[in-house]
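Subject: Structure for your review

Dear colleague,

Please find below the structure that I am handing over to you. My notes on what was found in it follow directly after.

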Amino acid sequence: MPGWNPVSDSPDRRTPSALGLAPPLQAAGFNVAGVLSAERYAGLVPPAWAPQAILPAARSVVVLASGGRALGRAVAAAPTSARDRDPFDAHTRRVAEAAAATLREAGWPTEPLFYFERRGGAFADFVALGRACGLGTPSRLGLLLHPSYGPWLSIRALLLTARPLTPTPELEHSPCDGCPAPCALACHGAALLPPPSGFDREACTATRRRLEACALRCDARRACVVGPEHAYDPETEAHHMSVSTLLPS
Ligand code: B12
Ligand code: SF4
Ligand code: SF4
């Protein structure tokens, strides 16, 4: 594995290649990545996710995400198994485990962790982790907004590693500041309330239960002015939305 380079402050440089992570991650659809120090990470996660509980030698945490259609394309091209209940999650697991194995072979103990797993009964808040390493800023939509991919950002895995890496800083300005918020107008459930109220998850959930238009797509997300050209294809969006409908709320 090549050496890790210091990362520039430019948000578009938060990619696995800019971090010195080898091309396989990028080719596998993980085109966005940031770094947190182990201490900063520990302050943002429940106790069972802390480095002390998983890998006390950890120095850094790589946050792996995917913007736009890259992950959908990679999953479509990836080998699938009949045992894969969710091909996106199975692909994520395979890719992050391979990346962790590469780091271990280079002499750095590393553990992969996933957005869909609970430890000690709790999820880690991946939105908070992505925000803290500058993958995006909070938005009227409730989603973390990437500077280029907008709301089409999925935060999928972590690499807790003994390798010391340069943290990527938080972003300062949200594109929502001063935006006329076409997202709020497009919302079928009046769920995007003006600040300081923010996103009304109950209103959204209730609307999704009664309105077909919100079952498998989100028109508010599609109306965002940032990165509309990166919107998931309808099948990928429907997949993510249907998974989220099945989970208990
Ligand atoms: C559980 C979960 C859900 C549940 C939440 C209900 C519940 N009873 O817990 C359900 C199934 C409803 C859900 C739905 C969606 N989710 Co969700 N969800 C998660 C998950 C796995 C854990 C959240 C959590 O418990 N965090 C920990 C606690 C401490 O933090 P919290 O802030 O209190 O958590 C609350 C919010 O995160 C909220 N929530 C969950 N998803 C979303 C999405 C939006 C837009 C908002 C405003 C809030 C929200 O529910 C949590 C419990 O109350 C995270 C991944 C992760 N590990 O973070 C993804 C995650 C937050 N979801 C995400 C997304 C995109 C969605 C959906 C838009 C569908 C989709 N996948 O495309 C929908 C939209 C929801 C909506 N409009 O209401 C993304 C957000 C990405 C981003 N750019 O910000 C995440 C990070 C997954 C990912 N891989 O990227 N989700
Ligand atoms: S449309 Fe404007 S206000 Fe709405 S989420 Fe996008 S940038 Fe923020
Ligand atoms: S799914 Fe429907 S109700 Fe929920 S935010 Fe999107 S447009 Fe609004």
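Helix 5 (residues 87-105) has 19 residues and reaches 27 Å from its first C-alpha to its last, close to the 27 Å expected at 1.5 Å a residue; the expected span is 1.5 Å times one less than the number of residues. The model is a predicted one, in which local features need pLDDT of at least 70 and side-chain atom pairs count only at pLDDT 80 or more, while totals for chains, interfaces and linings use all residues. Residues are numbered from 1 along each chain as its sequence is written, and chains are lettered from A and ligands numbered from 1 in the order in which they are written. Helices (H or I, at least four residues) and strands (E, at least two) are DSSP runs, numbered from the N terminus.

Within helix 5, the buried residues are Phe88, His91, Thr92, Val95, Ala96, Ala99, Ala100 and Leu103. They cover an arc of only 160° around the axis, which puts them on the same side of helix 5; the arc is that of the directions from the helix axis to the C-beta atoms. Ala101 and Glu105, on the other side of helix 5, are exposed. Here a residue is buried if 20 or more other C-beta atoms, placed from the backbone, lie within 10 Å of its own, exposed if 12 or fewer, and partly exposed in between. Gly107, with a positive phi near 100°, follows helix 5.

Two strands pair if DSSP finds at least two bridges between them. Strand 1 joins strand 2 (residues 60-67) over six antiparallel bridges, and Ala33 has Leu64 of strand 2 as its bridge partner. Strand 2 in turn pairs with strand 6 (residues 153-161) in the antiparallel sense over eight bridges, with Val61 opposite Leu160 in strand 6. Strand 1 (residues 32-37) is largely enclosed by the rest of the structure, because five of its six residues are buried.

Cys187, His188, Gly189, Ala191, Cys204, Thr207, Arg208, Cys214, Cys218, Asp219 and Ala220 are the residues around ligand 3, each with its C-beta atom, placed from the backbone, within 6 Å of the ligand. Helix 8 (201-210) and helix 9 (219-222) are the elements that give two or more residues to this shell, and helix 8 provides the largest share, three residues. By type, the shell has six nonpolar, three polar and two charged residues; Ala, Val, Leu, Ile, Met, Phe, Trp, Tyr, Cys and Pro count as nonpolar, Asp, Glu, Lys and Arg as charged, and the others, Gly among them, as polar.

Finally, some backbone details. Most residues other than glycine have a negative phi, and most peptide bonds are trans. The peptide bond from Pro195 to Pro196 is cis, with omega near 10°. Ala190, in the loop between helix 7 and helix 8, has a positive phi near 45°. Ala181 has a positive phi of about 60° and lies in the loop between strand 6 and helix 7.

With kind regards
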